[in-house]
Amino acid sequence: MTAQFNSRDELFMRAALRLAARGLGRVAPNPAVGCVLVKDGQVVGRGWTQDGGRPHAEAMALAMAGAAATGSTAYVTLEPCAHHGETPPCAESLIEAGVRRVVVALRDPDERVNGGGIRIMEEAGIEVAEGLFANEAAELNAGFILTRLHERPLITLKMATSLDGRIATTSGDSKWITGGAARRYGHMLRAQNDAIMIGVTTALVDNPELTCRVGALEQYSPIRIVADSRLRLPLTSKLVSSAREVPLWILTIAGNDADRLRAYADVGVKIIEVPANDSGLPDMTAGLKAFAEAGITRILVEGGSHLLATLIKDELADRLMWFRAGTIIGGDGIPALQSIGLEKLKDAPQLRLIEERRLGDDLLESYFLRN
């Protein structure tokens, strides 16, 4: 295995990473992978993991290349799979196609692969180079990696606030704090995640749809999740009434009324029961594990303030997308976060700024949370 890369390798791997990103929010429980096949300096095949996780990126690229795949170099953002599932292993497909060299960004942490695909290809005489843009590939599939290594999805918190961190006035008026450009970007974030989660209070106050409502993104509305320990979400809510069109899951605790549970099931709502925490609310560690077991790799959490605070306090949040509007509401407004029980500044969660972006008159700040 060699780790020598040139500018051409970098060019084509960047292209593969861009292709892989097209699958975010639509390929779970599989990773979002991109593949580019290059022969004599020309792209002869390209592909990315398709909706639902099949076909794989390599299969798409090989189908496009046909006979031109023989003697080519494959640029793949994640190690080709080595196990037999619904389709043959991609590592074997690359071998059979006569691919000469494979450049892999990142090794697959799945125990069924984890070096196995690379080993199969090398034993077949293919030159394999590993590690090109590994960090970028790891960030792209952070959710998939977390499900394999820590049995939970990637958690991204989304807040839309005034400059002083308020989400509504004292009367609860909140539409709209941010402008149209920020709201459209928020819909794109929804489409890039497998699920959106809110707390039941937010659902009761806002009666939201939690769907993607921007042009071509409408067909990519993710699973909606409501954390609701006592099943207070009305059967007449927009979320429940649309459960057969766009999936709705309720995260709750055991001991709820059986008739209420049946009523939800009758209209297509999926109930996930987990133990209660010390406050009598669903234990989020157990909840996230249940979501990962159900195939969810990426969750966008849009509120409310108690749920956001719980995920931060329990060190379960990974990213923060903070939309800030150029307005001030004041101390009597509703805060974006409730108490996280902080007494000393040295114990405050540390965030690392990734990016700042102007969206009309609003500002989007993206952060990594350092747990």
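Asp9, Arg101 and Glu127 are linked in a network of salt bridges, a salt bridge being a side-chain nitrogen of Lys or Arg within 4 Å of a carboxyl oxygen of Asp or Glu. The structure holds 13 salt bridges. This is a predicted model, in which local features need pLDDT of at least 70 and side-chain atom pairs count only at pLDDT 80 or more, while totals for chains, interfaces and linings use all residues. Residues are numbered from 1 along each chain as its sequence is written, and side-chain values use heavy atoms, with hydrogens and water left out.

- Asp9 and Arg101 are both buried, where buried means under 20% relative accessible area, exposed means over 50%, and partly exposed lies in between, with a 1.4 Å probe and protein chains only.
- Asp110 forms a salt bridge with Arg148, the closest N and O atoms again being 3.0 Å apart.
- Asp110 lies in the loop between strand 4 and helix 4 (116–123), whereas Arg148 lies in helix 6 (residues 142–149), so this pair ties together parts that are 38 residues apart in sequence.
- Asp110 is buried, with a relative accessible area of 5%, whereas Arg148 counts as partly exposed at 31% relative accessibility.

**The pair Asp347 and Lys346**

- The side chains of Asp347 and Lys346 meet in a salt bridge at 3.3 Å, N to O.
- Asp347 counts as partly exposed at 47% relative accessibility, while Lys346, at 66%, counts as exposed.

**Helix 2 and its buried side**

- Helix 2 spans residues 57–65, and in this helix Ala57, Glu58, Ala61, Leu62 and Ala65 are buried.
- These residues are on the same side of helix 2 because they cover an arc of only 125° around the axis, the arc being that of the directions from the helix axis to the C-beta atoms.
- The buried residues of helix 2 pack against strand 1 (34–39), strand 2 (42–48), strand 3 (73–76) and helix 3 (90–96), where contact means heavy atoms within 4.5 Å.
- Just after helix 2, Gly66 takes a positive phi of about 60°.

Terms used:
Helix = DSSP H or I, 4+ residues; strand = E, 2+ residues; numbered from the N terminus.
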